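Okay, hi everyone, thanks for making time.

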Amino acid sequence: MFIGYFTERPYQDVASGYFGATGKPIMDLNVSNEIYDSKLANELYNRYLDEKIYAEEMGFDGLMLNEHHGTPFCMGGAMNVEASILARMTNRAKIVLLGNILPIWDDPFWLVEQLAMIDVISGGRLVSGWVRGTGRESVAHNAPPHDNWERFQEAHDFIVKAWSEPGPFRWEGKHFHYRHVNPWVRPYQTPHPQIWLPGVVSRDSLMWAAEQRIPYIMLATELGPTKESF
């Protein structure tokens, strides 16, 4: 059994009343960042990192991070930054990213390099999860929702190829174009870090994960659909 430690890392603020899921109701697109307190955020980010380090000390198998944008519900707007810190500050636990939002990246080559660096620095402890993202992510990054699934699949294929095959090579897809792919950082794990796909039992995503032989992580799903999916 694999046991990971996870929290949304919410913005917890007495003054504004936002405490993640337990405080003031969050209407993402109506919450102005005028209320944001950088000194409080400094304390919270460091507290959440300390919690992850302590979780490893207590024997957890994985330190799990996620990413959302433009919302006090989750402060992890740049999850890979947190993962980079944990790669250096921890020693044993897997660093599990659930996950990078592939459709909002106009240049997934950045993910090729960033995630490979995290895997190398951690000594091969990265688990790289992908997600399609919620509506808030598409709005925050001006990502066209009708291309979400196509961009997701093409970004995945590109990243895996760049991790697995020596360069240089050329990539000419529908959404991404590269004349010269030859990243000078390759993953510690061979051929690449394990990939997970979290979701809420989308039929398309579930079938795609099965075809790719990627573990599908069901997020708080009801028992009936969970059994059917298995």
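Let's start with Met218: if you skip its neighbours within four places in sequence, Met218 is in contact with Gly199, Thr226, Ser229 and Phe230. Keep in mind that this is a predicted model. Met218 sits in strand S8, which covers residues 216-218. Between Met218 and Phe2 there are 216 residues in sequence, and their C-alpha atoms are 14 Å apart in space.

Phe2 comes back when we get to the rings. By the pairing rule, there are eleven aromatic pairs. Take Phe2 and Trp196: their ring centres are 5.8 Å apart and the planes are at 80°, so that's an edge-to-face pair. This pair ties together distant parts of the chain, with Phe2 in the segment before strand S1 (4-6) and Trp196 in strand S7, 194 residues apart.

Trp149 counts as buried at 19% relative accessibility, since the cut-off is under 20%. Phe152 is buried too, at 0%.

Now the core. The largest nonpolar core has 45 residues, and those with the most contacts inside it include Leu97, Trp130, Phe158 and Leu197. Helix H5, residues 148-164, gives the largest share of this core, eight residues. Leaving out its neighbours within four places, Phe158 touches Pro108, Phe109, Val112, Phe169, Trp171, Tyr178 and Val181. There's also a second, separate core of six residues, with Tyr11, Leu44, Tyr48 and Met75 among them. And back in ring terms, Phe109, Phe158, Trp171 and Tyr178 are linked by ring pairs into a cluster.

Last stop, pockets. What's the volume of the largest pocket? About 510 Å³. Its lining has 24 residues, and Leu98, Val131, Pro198, Gly199 and Leu219 lie nearest the centre. You'll remember Gly199 as one of the contacts of Met218. Strands S2, S3 and S7 each put at least two residues into that lining, which splits into twelve nonpolar, eight polar and four charged.

The second largest pocket holds about 320 Å³.

Methods: Residues numbered from 1 in each chain as written. Predicted model: local features only at pLDDT ≥ 70, side-chain atom pairs only at ≥ 80, totals over all residues. Heavy atoms only, no water. 1 Å grid on protein atoms, 1.4 Å probe; cavity = no way out; pocket = protein on both sides within 12 Å on 5 of 7 lines; lining within 4 Å. Points joined across faces, edges and corners; volume = space filled by probe spheres on them. Helix = DSSP H or I, 4+ residues; strand = E, 2+ residues; numbered from the N terminus. Nonpolar A, V, L, I, M, F, W, Y, C, P; charged D, E, K, R; others polar. Contact = heavy atoms within 4.5 Å. Core = buried A, V, L, I, M, F, W, Y, C linked by side-chain atoms within 4.5 Å. Buried < 20%, exposed > 50% of the residue type's maximum accessible area, 1.4 Å probe, protein only. Phe/Tyr/Trp six-rings, centres within 6.5 Å; stacked < 30°, edge-to-face > 60°.
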